[in-house]
Amino acid sequence: MAGILFLISAPSGSGKSTLVNQLRSLVKNLEFSVSWTTRPPRGSEQEAREYHFITREHFQQMIDAGEFLEYADVFGNYYGTARNSLTSAFSKGKDLLLDIDVQGAAQVRAKMPDAVNIFLMPPSPEILATRLRNRSRAEGSVQEEVIARRLARARQEIENYREYGYILVNDVLDRAVEEMAAIVAAERIARSGGPASPQDRELLAIAERCRQQNSEARIQPVLQAFGVTKPGTNEK
Ligand code: ADP
Ligand code: 5GP
């Protein structure tokens with residue numbers, strides 16, 4: 001049986017890498033795809049751990065050779081997922097998690113409609129700005145224009161939340177990690193077709209609360225704070 005493909009998207013600085021790192025030690029048989037990018041390494045990032053860092057020329061060669069499942073230009077740099085990430089994980093009987101932006105997620109959804117889509121939101125623009133500043137400070141330089149650009153893009157990305165099956169708000173990190181782990185478990189349980197144990201039912205219930213259709217009340221304050229209008233209305 002082919003593995004399950006999980007996609008997670010979030011505005012930069014929401015805490016996606018932090019969440020995904022915690023998930024690594026919690027969830028078995030889930031591989032984390034290492035993307036290719038033309039952006040330079042940041043802080044303590046290492047080649048082949050966070051990304052494969054390559055030149056634009058190399059990236060273009062990979063595009064021309066059809067090596068990407070998807071790729072996108074984010075903040076002026078290319079980012080892409082190699083097709084062989086999927087084949088490698090699935091051939092080992094593992095599930096795969098892709099951390100990709102909203103453009104890349106749309107490309108993957110069009111090709112792989114069974115993918116499980118998760119969108120992670122920061123609680124508010126103020127908290128997002130604080131997280132972006134803290135991260136930049138830890139990495140040695142805070143550039144306000146970079147923070148402003150990321151905040152503006154965050155709003156545009158959040159407008160796409162309806163494309164995602166599950167929505168998480170990264171307020172308390174431990175809770176977001178628990179919810180993410182429950183979503184992975186619930187999708188596995190649902191596809192296994194077997195009877196659910198009492199522990200399974202608990203995980204299914206947590207995941208169910210994170211489904212987009214069950215998240216309106218939880219995410220309304222976030223949408224409002226970012227000034228995101230509901231589709232088809234002028235309501236904020
Ligand atoms: P992303 O991968 O989404 O760009 P990071 O994982 O780098 O974001 O997180 C951005 C900053 O926010 C980091 O300094 C991280 O330690 C911090 N952070 C992440 N999640 C939380 C949280 N729930 N509460 C407080 N700070 C957080
Ligand atoms: P960062 O530079 O902060 O690591 O990532 C910037 C953005 O690029 C994030 O939204 C992240 O999800 C996205 N990203 C990372 N890898 C990929 C990828 O392989 N494809 C696409 N489309 N986006 C990616």
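Q: Which atom of ligand 2 has an N or O atom in the side chain of Asp101 beside it, and how many Å apart are they?
A: A nitrogen atom of ligand 2, and the distance to that N or O atom of Asp101 is 2.8 Å. That makes the pair a polar contact, meaning N or O atoms within 3.5 Å; inside the protein one atom must also be able to donate a hydrogen and the other to accept it, and neighbours in sequence count only if both atoms are side-chain atoms.

Q: Before we go on, what kind of model is this?
A: It's a predicted model, where local features need pLDDT of at least 70, side-chain atom pairs count only at pLDDT 80 or more, and totals for chains, interfaces and linings use all residues. As for bookkeeping, residues are numbered from 1 along each chain as its sequence is written, chains are lettered from A and ligands numbered from 1 in the order in which they are written, and side-chain values use heavy atoms, with hydrogens and water left out.

Q: OK, back to ligand 2. How many residues surround it, and which are the closest?
A: There are 18 around ligand 2, and the closest are Lys16, Ser35, Arg39, Tyr51 and Tyr79. A residue is near a molecule or strand here if one of its heavy atoms lies within 4 Å of it.

Q: What does Tyr51 do with its polar side-chain atom?
A: That atom of Tyr51 sits 2.5 Å from an oxygen atom of ligand 2. Arg42 has a side-chain N or O atom 3.2 Å from an oxygen atom of ligand 2 too.

Q: Asp101 came up already. Which residues is Asp101 linked with by salt bridges?
A: Arg153 and Glu157: the three form a network of salt bridges. A salt bridge is a side-chain nitrogen of Lys or Arg within 4 Å of a carboxyl oxygen of Asp or Glu.

Q: How many salt bridges does the structure hold?
A: It holds 12. One of them joins Asp95 and Arg188, whose closest N and O atoms are 2.7 Å apart. That pair links distant parts of the chain, since Asp95 is in strand E7 and Arg188 in helix H7, 93 residues apart.

Q: Is Asp95 buried or exposed?
A: Asp95 counts as buried because its relative accessibility is 8%, while Arg188 is partly exposed at 25%. Buried means under 20% relative accessible area, exposed means over 50%, and partly exposed is in between (1.4 Å probe, protein chains only).

Q: What about Glu144, which residue does it form a salt bridge with?
A: With Arg133, and the closest N and O atoms are 2.9 Å apart. Glu144 is in helix H6 and Arg133 in helix H5, 11 residues apart. Glu144 is partly exposed at 41% relative accessibility, and Arg133 is partly exposed at 27%.

Q: Switching topic: what order do the strands of the open sheet have?
A: The 5 strands go E2-E7-E1-E8-E9, with parallel pairing. Strands E2 and E9 stand at the edges with a single partner strand each, so one side of each has no neighbour in the sheet. The twist averages 25° from one strand to the next.

Q: Where do those strand names come from, and what counts as pairing?
A: Helices (H or I, at least four residues) and strands (E, at least two) are DSSP runs, numbered from the N terminus. Two strands pair if DSSP finds at least two bridges between them.

Q: How many residues of E1 are buried?
A: 5 of its 5 residues, so E1 is mostly covered by the buried cut-off. Leu5, Leu7 and Ser9 are on one side, and Phe6 and Ile8 are on the other.

Q: And how many bridges join E1 to E7?
A: 4, with the two strands running parallel; Leu5 stands opposite Leu96 there. E1 also pairs with E8 in the parallel sense over 4 bridges, and Leu7 has Asn117 as its bridge partner in E8.

Q: Which strands does helix H7 lie across?
A: E1, E2, E7, E8 and E9, and H7 runs at about 160° to E9. Helix H9 lies across E8 and E9, at about 65° to E9. Contact means heavy atoms within 4.5 Å; axes are lines fitted to C-alpha atoms, for helices over the stretch in contact, and angles run from 0 to 180 degrees between N-to-C directions.

Q: Last one: what is phi of Asn29 near?
A: It's near 60°, a positive value in a residue other than glycine. Asn29 lies in the loop between helix H1 and E2.
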